[in-house]
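The following note collects points on the model for a colleague's review. Please read them against the sequence and the coordinates.

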Amino acid sequence: MIVRKIDDVTGTKNHVDTPGWYSRRIVTAHDRVGFSVGETVLRAGSTNDFWYANHVEAVYIVSGEGELYDKDNDTTYELGPGTMYLLDGNEKHQVRVRSDITCVCVFTPPIVGTEVHDENGVYPLLELPPEPAGQA
């Protein structure tokens with residue numbers, strides 16, 4: 001069993017901070033459970049371009065408001081508390097933030113925890129080496 005508080009990852013290598021957002025990765029590939037979970041805060045007034053070419057992501061909005069623009073299908077969705085979106089087709093998308101959006105993000109395959117978006121908005125696919133025999 002793993003029990004972890006957000007304060008356990010705040011200020012560590014699993015706390016990634018960028019101009020448009022910050023993310024605290026609570027469950028990562030290092031936990032070897034097949035997915036990762038993080039809390040991300042998208043900053044008010046920011047416009048963020050993302051494309052998870054290597055991952056499927058589910059996002060659940062806890063607080064804040066903004067818009068999700070699906071670049072692949074030219075469709076805009078309102079975001080607010082209680083909204084979930086699933087990027088199951090590697091959609092290129094943009095999040096336009098009106099008020100700080102706090103969300104819970106789940107990735108598969110799991111992220112290692114230190115990833116940041118490249119110039120195309122993509123997280124690299126980082127994988128851990130297999131555990132040595134007898135360590136699982």
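1. How many cavities of 30 Å³ or more are there? The count comes to one cavity, a cavity being a set of points, on a 1 Å grid over the protein atoms alone, where a 1.4 Å probe fits but cannot get out. The model is a predicted one, in which local features need pLDDT of at least 70 and side-chain atom pairs count only at pLDDT 80 or more, while totals for chains, interfaces and linings use all residues. Residues are numbered from 1 along each chain as its sequence is written, and side-chain values use heavy atoms, with hydrogens and water left out.

2. The lining of the largest cavity comprises 20 residues, where a lining residue has an atom within 4 Å of a point. T40, Y52, E57, C105 and F107 lie nearest the centre of the cavity. At least two lining residues come from each of strand 2 (21-27), strand 3, strand 5 and strand 8; strands are DSSP runs of E of at least two residues, and helices are runs of H or I of at least four, numbered from the N terminus. Strand 3 makes the greatest contribution, with five residues. By class, the lining has 12 nonpolar, six polar and two charged residues (Ala, Val, Leu, Ile, Met, Phe, Trp, Tyr, Cys and Pro count as nonpolar, Asp, Glu, Lys and Arg as charged, and the others, Gly among them, as polar).

3. T40, one of the residues nearest the centre of the cavity, belongs to strand 3. Is T40 buried or exposed? T40 is buried, because its relative accessible area is 10%; buried means under 20%, exposed over 50%, and partly exposed in between, with a 1.4 Å probe and protein chains only. The side chains of T40 and S23 make a polar contact at 3.0 Å. Such a contact is a pair of N or O atoms within 3.5 Å; within protein, one must be able to donate a hydrogen and the other to accept it, and residues adjacent in sequence count only if both atoms are side-chain atoms. Not counting residues up to four places away in sequence, T40 touches W21, Y22, S23, I101, T102, C103 and C105, contact meaning heavy atoms within 4.5 Å.

4. The largest nonpolar core has 19 residues; a core of this kind is a set of buried Ala, Val, Leu, Ile, Met, Phe, Trp, Tyr and Cys residues joined through side-chain atoms within 4.5 Å. L42, Y85, V95, I101 and C103 touch the most other members. Two or more core residues come from each of strand 5 (56-70), strand 7 (84-87) and strand 8 (92-108), and strand 8 gives the most, with six. I101 has contacts with T40, V41, L42, I61, S63, G64, E65, G66, L79 and V95, leaving out residues up to four places away in sequence.

5. S46 lies in the loop between strand 3 (36-42) and strand 4 (47-51). With a relative accessible area of 13%, S46 is buried. The side chain of S46 reaches the backbone oxygen of G20 at 3.3 Å. Beyond its neighbours within four places in sequence, S46 is in contact with G20, V95, R96 and V97.

6. Some backbone geometry deserves a check. Most residues other than glycine have a negative phi, and most peptide bonds are trans. R32, in the loop between strand 2 and strand 3, has a positive phi of about 55 degrees and is partly exposed at 38% relative accessible area. N90, in the loop between strand 7 and strand 8, has a phi near 55 degrees and is likewise partly exposed, at 30%. A cis peptide bond, with omega about -10 degrees, joins T108 and P109; P109 is in the segment after strand 8.

7. K92, in strand 8, is partly exposed, with a relative accessible area of 36%. K92 and Y69 are 23 residues apart in sequence, and their C-alpha atoms are 8.7 Å apart in space. Residues up to four places away in sequence aside, K92 touches F50, W51, Y69, D70, K71 and D72.

Notes. On a 1 Å grid over the protein atoms alone, a cavity is a set of points where a 1.4 Å probe fits but cannot get out, and a pocket is an open set with protein on both sides within 12 Å along at least five of seven lines; lining residues have an atom within 4 Å of a point. Grid points are joined across faces, edges and corners, and a volume is the space filled by probe spheres set on the points.
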